[in-house]
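Here are my notes on the model you sent over. Have it open next to you while you go through the points.

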Amino acid sequence: ILSWQKGADTDLFAFAGAGTPDDPFRISTLTDLGHLSRLPATWNDHFLQTADLDASATATWDDLDEDGDGIPFNDPADAVPADTSPGDNSPEDTGFLPIGRAAPHFTGTYDGGGHLLTGLAIRRPAADSVGLFSVIKGGAVKDLGLTAADVQGGSRSGLLAGVLDTASVAQGVFTAGTLQGADDVGPIAGLIRSAALANAYTHADVTGRDRVGGLAGSATGAILGYLYSRSSLAGTGSVGGALGASDASTLTSVYWDAEADSLPGTSPGDSQFGAEARATSDMIYFALYTDAGFDFAGETANGTDDIWDADQLASVNDGYPLLAWQTQADGILTLFSAGQGTPARPYEIATLQDLAFLAQNPAYWDAHFRQTADIDASATATWDDADTDSDGNRYNDPDDADATGGNQGFPGIGQE
């Protein structure tokens, strides 16, 4: 039939790429993501997200295909809010239709490519296994961030996935937004079953009934490592800072913020299912994580993959660690020898370069410092104010080591 005739579909739609590990299908637009949702035949293929995606348009998507073209998310009604007046029979704004919602579910791989999906909306309180992915089974998701997500589901609801199931892996991911569900509710996944989650964090407002957690609602036979939650939680049954319930699962270096979880009776130092509660002041200090084996940029004791990055100035993630693939990551563990610049953990000045950095960076002049070693400052005799190698440090150039420069010496801290 002609493409303009009623009933014409877009079965000729094709992703860029071949869907193989070496040439994955490209997800470059929200439309691409919508097609992934509606094409179960591709759920065992390989995908790569190539850009940050604004998914806020999903707030007005519905499940009906009013124009009969086989695509439920491109009708005129999908671009405007539903009419909720009494007696109106127009389709409800149910939002994004989860990927992998039917057997054999999502068995492929989804590489977020270090990109964000912002504003994803799903409003399906009567449906179970709700999230961007309904069920991931034997599949993998990595390097993806969900921000400003708004998900409403039934049992087994998450922002990333309803269920992370058998032999699946999620790593290098974070989720932020609001989540409402029934039983087994968590901002990464409602249920993690015989699957693995590594190097991830959450910052969500989560409400459920029973088995509600800051990372996942329930974990059964799961392997969880190098994770933290700063999510706020509410439920009427079992609610935990990291997990709402756990059975035969292995947890390694998993933390939650006891001052952010909104749970009565939770205190720093508490533990649950192998996860540990810490105060916010500990959660924003990189040493908590590096001492526990998290692989950070700027250190090599825990590996050289540089998975995590420190938020030294609390300007990106409120001081909490971020993933090194995030665009705001700077690859610097600490700007001084140690410390946070607080009264309890002052920045440590142990070298002359620490002192030089302080002198050149007024942003730190309201912080707290402690000198921790004798410092030989005789080298300042040949320092000059020119940054001849243009690296941002005026006092490490070749002519700072001899008398060829201006020899102005140490610049002074706090000078106008």
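What share of the contacts in the chain between residues at least 6 apart in sequence join residues at least 24 apart? The share is 67%, where a contact means heavy atoms within 4.5 Å.

1. Ground rules. This is a predicted model, so local features need pLDDT of at least 70 and side-chain atom pairs count only at pLDDT 80 or more, while totals for chains, interfaces and linings use all residues. Residues are numbered from 1 along each chain as its sequence is written, and side-chain values use heavy atoms, with hydrogens and water left out.

2. Overall picture. The chain has 4 helices and 24 strands; these are DSSP runs, H or I of at least four residues for helices and E of at least two for strands, numbered from the N terminus. Along the principal axes, the C-alpha atoms fill a box of roughly 85 × 55 × 45 Å. Of the 416 residues, 48% count as buried, that is, under 20% relative accessible area, with exposed being over 50% and partly exposed in between (1.4 Å probe, protein chains only).

3. Charges. The chain carries 17 positive and 60 negative charges, and their mean positions are 11 Å apart. Lys and Arg count as positive and Asp and Glu as negative, with His and the chain ends not counted; each charge is placed at NZ of Lys, CZ of Arg, CG of Asp or CD of Glu.

4. A five-stranded sheet. The order of this open sheet is β6-β8-β10-β13-β17, with parallel pairing. At the edges sit β6 (133-137) and β17 (243-247), each pairing on one side only. (Two strands pair if DSSP finds at least two bridges between them.) Inside the sheet, β8 (residues 161-165) and β10 (residues 189-193) are joined in the parallel sense by 3 bridges, and L164 stands opposite I192 in β10.

5. V169. This residue belongs to strand β9 (residues 169-180). Is V169 buried, exposed or partly exposed? It counts as partly exposed because its relative accessibility is 30%. Leaving aside residues up to four places away in sequence, V169 touches G139, A140, V141, L164 and A196. K137 is 32 residues away from V169 in sequence, with the two C-alpha atoms 9.1 Å apart.

6. Around β14. Strand β14 (residues 223-229) is mostly covered, with 5 of its 7 residues buried. It pairs in parallel with β11 (residues 196-207) over 6 bridges, and also with β18 (residues 250-257), again in parallel over 6 bridges.

7. β18 and β20 pair in the parallel sense over 3 bridges, with R278 of β20 as the partner of D257. β19 (residues 271-272) joins β20 in the antiparallel sense over 2 bridges, and S271 stands opposite E276. The hairpin of β19 and β20 has 2 residues between the strands, and F273 takes a positive phi near 55°.

8. Helix α4. Which residues of α4 (residues 352-360) are buried? They are L352, D354, A356, L358, A359 and Q360. Their cover includes β23 (347-349) and β24 (369-371).
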